[in-house]
Amino acid sequence: MQLKNEVGVVVLRVILGVIFFIHGFVKFQGGIENIAGWFGSIGIPGLMAYVVASIEVIGGIALIIGLGTRIVSALFVFLMIGAIIKVKLAAGFLGNGEMAGYELELSYLAMALFLAINGSKQFSLGQLLVKKTENI
């Protein structure tokens, strides 16, 4: 039973990492200046677009390889709270016909919160590094 749980957590970690990596990558690929302008239009400093996209790209890679899972996941929790409150909350849970609702962001938030609380040691670079430093 323990192995099934650990494998499930690894799948959760890797999938969440891929999702955030792609979201961040697309922000840069599509013109981060446009995202910064949109951030400014909703009352968020444009510089935050660079911060958010960088956290998504770097954090996504970190989750995929299993490095700093709890810290990265906690950052993703804060990103999702911000996205829900600042962007999606007004549209409602399922959306308003013009914009999607916050149900997807809430799912990402729940996944990230689980990983922030529990971590994910199996098949992770972080676990390999801990084992190597313990042997020194």
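A patch is made of residues with over 30% relative accessible area and no salt bridge, where like charges are joined within 9 Å and nonpolar side chains (Val, Leu, Ile, Met, Phe, Trp, Tyr) within 5 Å. Areas follow the Shrake-Rupley method with a 1.4 Å probe, and for residues only the protein chains shown count as cover. A salt bridge is a side-chain nitrogen of Lys or Arg within 4 Å of a carboxyl oxygen of Asp or Glu.

The model is predicted: local features need pLDDT of at least 70, side-chain atom pairs count only at pLDDT 80 or more, and totals for chains, interfaces and linings use all residues. Residues are numbered from 1 along each chain as its sequence is written, and side-chain values use heavy atoms, without hydrogens and water.

A nonpolar surface patch of about 860 Å² includes Val 18, Phe 25, Val 26, Ile 61 and Leu 125.

The largest share, 4 residues, comes from H1. Val 26 lies in H1 and is partly exposed because its relative accessibility is 45%; buried means under 20%, exposed over 50%, and partly exposed in between (1.4 Å probe, protein chains only).

In helix H5 (residues 103-118), Glu 105, Tyr 108, Leu 109, Met 111, Ala 112 and Leu 115 are buried. They lie on the same side of H5 because they cover an arc of only 165 degrees around the axis, taken from the directions from the helix axis to the C-beta atoms.

Technical notes:
Helices (H or I, at least four residues) and strands (E, at least two) are DSSP runs, numbered from the N terminus. The expected span of a helix is 1.5 Å times one less than its number of residues.
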